[in-house]
Amino acid sequence: MTTPFPYKRLGAFYLVFFAVLGVLAPYWGPYLQSRGFNAAEIGTLIALLHGTKIIAPNLWGWVADRTGARMRIIRFACVIALVGFAGVLLPGGFVWMALVMGAFSFCWNAALPQFGANTLSHLGTQTHTYPRIRLWGTVGFMLAVLGVGEAIDRASVAIVPGVLLSLFAVLVVISFSVPQAERDDRAMANDSLGSVLLQPRVLGLLGACFLLQASHGPFYAFYSIYLQSFGYSGTAIGLLWAVALIAEIGVFLMMPRWLPRLGHRRLLVGAMGLGVIRWVLVGAYPEWVALQAVAQLLHAATYGVYHAAAISMIDRYFTGGLQGRGQALYSSMTFGAGVAVGSFVAGVLWDPIGGAQTFYWAASVSALAGLLAYATLPRERHSLPASA
């Protein structure tokens, strides 16, 4: 590389970006509930938040790959997200909230896939070290979960919009400090998105990732509400989320060793199998704090191991001029369509069948993800090189 590696600036962006998620994921549902929205409306609004990832990352990914101006697009997306989210402060019902969440998330959801592509381009052949940068996102998520959980106990859930606006503003500032990486020239000139996408291994990977993230829908939309119904305080809920994040940090530190030794397929199938156990524990034993902590420890597998292995495979399959669109497609299919579908279904199921049964549904979806990954991903006969 011709310029020093911007580790601190990349890490700072991940820290603040995921601090936003650390407020949205556990506390946005309770905030919406405090404004009078019912379970079906909350599920739909959470689905909309993730659903914009289906279109937005692909659109912005196409523009980034065509123009090469990846960081300019990220900065623009962060600014518009800040402006759009400010609409939450205005009074309004379900339709207004849907419009606001759709507007800000359409731009905000475009930033992360392109930032991931920029980070991987900075890393070059050392993409297996990506988790050591990405772990700062987990640190930011954890700090936000703990800090805002305690603040909610002392004040009220009404502080959530103000905290989020402050974080969006900081993210804008950091985005202007991160340099653009040199373009990746690994791909041949005749590569096309369709030729890569239609490979069975790519379709199987995206399908399995979609299902695993769909199984997370009830968790992202209703886990905090579920715990509140059993008497958990905001601080206790924050601590349980923190357990998951500490485990995730540990996994991100280990993945540069595990990926070359164990291989992508084995790690992905194992993570999806552990997802079945996780959601059964959440649904069956909400009163048992220790078992909820065990379930949260499994986040290390269902997110940490899964994401590090999956994003490494996407980087290997979508190279050069396809890199931005590959990352965008992965984001839209999984954290977009997957979580959106899971959140929407959870909202539909929650009141009629109850929280426990909804999490059992999530366990069955995670099992399907593992079966699909096992059936479609190529076996790796030998350990992968450290640069994979």
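In this predicted model, the axes of helix 6 (residues 130-154) and helix 14 (residues 299-317) come within 11 Å and cross at roughly 135 degrees. Helix 6 is therefore oblique to helix 14, since angles over 145 degrees would be needed to count as roughly antiparallel. The crossing in which helix 6 passes helix 14 is right-handed. On the side of helix 6, the contact is formed by Tyr130, Pro131 and Arg134, and helix 14 contributes Tyr303, His307, Ala308 and Ile311.

A second pair of helices may be described in the same terms. Two packed helices are described by the angle between their axes and the distance between the axes. Helix 2 (residues 39-51) packs with helix 15 (residues 323-353) at an angle of about 175 degrees, and their axes lie 7 Å apart. The two helices, helix 2 and helix 15, are therefore roughly antiparallel to each other. From helix 2, Ala39, Ala40, Gly43, Thr44, Ile46, Ala47, His50 and Gly51 take part in the meeting. Their counterparts in helix 15 include Phe335, Gly336, Ala337, Phe344, Trp350 and Asp351. The residues of the contact between helix 2 and helix 15 divide into 10 nonpolar, 7 polar and 1 charged.

Attention now turns to a single residue. His264 is located in helix 12, which spans residues 264-284. With a relative accessible area of 1%, His264 is buried, because a value under 20% counts as such. The side chain of His264 makes a polar contact, at 3.1 Å, with the side chain of Ser312.

Notes
Residues numbered from 1 in each chain as written. Predicted model: local features only at pLDDT ≥ 70, side-chain atom pairs only at ≥ 80, totals over all residues. Heavy atoms only, no water. Axes fitted to C-alpha atoms, helices over the stretch in contact; angles between N-to-C directions. Helix = DSSP H or I, 4+ residues; strand = E, 2+ residues; numbered from the N terminus. Parallel < 35°, antiparallel > 145°, perpendicular 65-115°, else oblique. Left-handed = near helix turned anticlockwise from the far one by under 90°. Contact = heavy atoms within 4.5 Å. Buried < 20%, exposed > 50% of the residue type's maximum accessible area, 1.4 Å probe, protein only. Polar contact = N/O pair within 3.5 Å; in protein donor to acceptor, adjacent residues only side chain to side chain. Nonpolar A, V, L, I, M, F, W, Y, C, P; charged D, E, K, R; others polar.
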